[in-house]
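Thanks for coming. I have one structure to go through today, and I will keep to a few side chains.

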Amino acid sequence: MTKILLITALVALLIYYISRRFMANKSSSPSYRELANRSYQQVEATNSMIQKITKVTMTNVIIGLVLFVLILLLAMKFKILLIALPISLYLLGQLFLLTNHVKATKNQQIWFNKQSQDVLLQRLNSPDLSFNLLRDVRQVKEVKAVQSNRGVLFGYYVLYTAQDKIFIPYLIQDNKDSNQHFFDLINQHFKIEVETKLFPII
């Protein structure tokens, strides 16, 4: 029983930590305004979209946690319940997948010029990177989960340039109102290699 309470407390702590990160608003700096004045548009995921995906994913995680607890409590009497153990672990794993993709989204700022197709990538833990989407990208790869969960499909694009690899989560692509043109160019100009994984970690 102590182990069950410990696991529950740990998951609750992770949920609280992630929720605090999602509610943090991005600050506006002079560099952002300067880029906007140079006809650059930010390719980003909206906070409302991230919160919506978080809500759905957390529901899946809670279901997985309840199922896991039931298995621990009843498996000694009903061993058939062990069949559901992989399902519960998979649902719990969505929490770490969500954390990984939101971190990858928050740790970079993508700026795109529709006229020139130039891209400026500002990264938190790496030097800034600039390239032309149509001239400098050599290859595009798409990695996605094997299935969606209640309408949420995790995945990401990898853009290969001579300088570096750029990871763009689906969380950004899902903001179709602002980012449709950017992803249309990617899909129209490149032969994309698609790979599926159980947990598409970036």
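First, the ground rules. This is a predicted model, in which local features need pLDDT of at least 70 and side-chain atom pairs count only at pLDDT 80 or more, while totals for chains, interfaces and linings use all residues. Residues are numbered from 1 along each chain as its sequence is written, and side-chain values use heavy atoms, with hydrogens and water left out.

How many salt bridges does the structure hold? There are two. The term means a side-chain nitrogen of Lys or Arg within 4 Å of a carboxyl oxygen of Asp or Glu.

One of them joins the side chains of Asp164 and Arg123, at 2.9 Å from N to O. This pair links distant parts of the chain, 41 residues apart: Asp164 is in the loop between β6 (155-160) and β7 (165-169), and Arg123 is in strand β3 (residues 118-123). Strands here are DSSP runs of E, at least two residues, and helices are runs of H or I, at least four residues, numbered from the N terminus.

Are these two side chains buried or exposed? Buried means under 20% relative accessible area, exposed means over 50%, and partly exposed is in between, with a 1.4 Å probe and protein chains only. Arg123 counts as buried because its relative accessibility is 18%. Asp164, at 31%, counts as partly exposed.

The other bridge is between Lys141 and Glu195, at 2.8 Å from N to O. Again the pair links distant parts of the chain, with Lys141 in strand β5 (residues 139-145) and Glu195 in strand β8 (residues 193-197), 54 residues apart. Lys141 is buried at 18%, and Glu195 is partly exposed at 27%.

Now the asparagine. Asn149 sits in the loop between β5 and β6, and it counts as buried because its relative accessibility is 11%. What does its side chain make a polar contact with? The partner is the side chain of Tyr90, at 3.0 Å. A polar contact is a pair of N or O atoms within 3.5 Å; within protein, one must be able to donate a hydrogen and the other to accept it, and residues adjacent in sequence count only if both atoms are side-chain atoms. Leaving aside neighbours within four places in sequence, Asn149 is in contact (heavy atoms within 4.5 Å) with Val56, Asn60, Tyr90 and Gln94.

Last, the surface. Leu74 lies in helix α3 (residues 47-74), and is partly exposed, with a relative accessible area of 34%.
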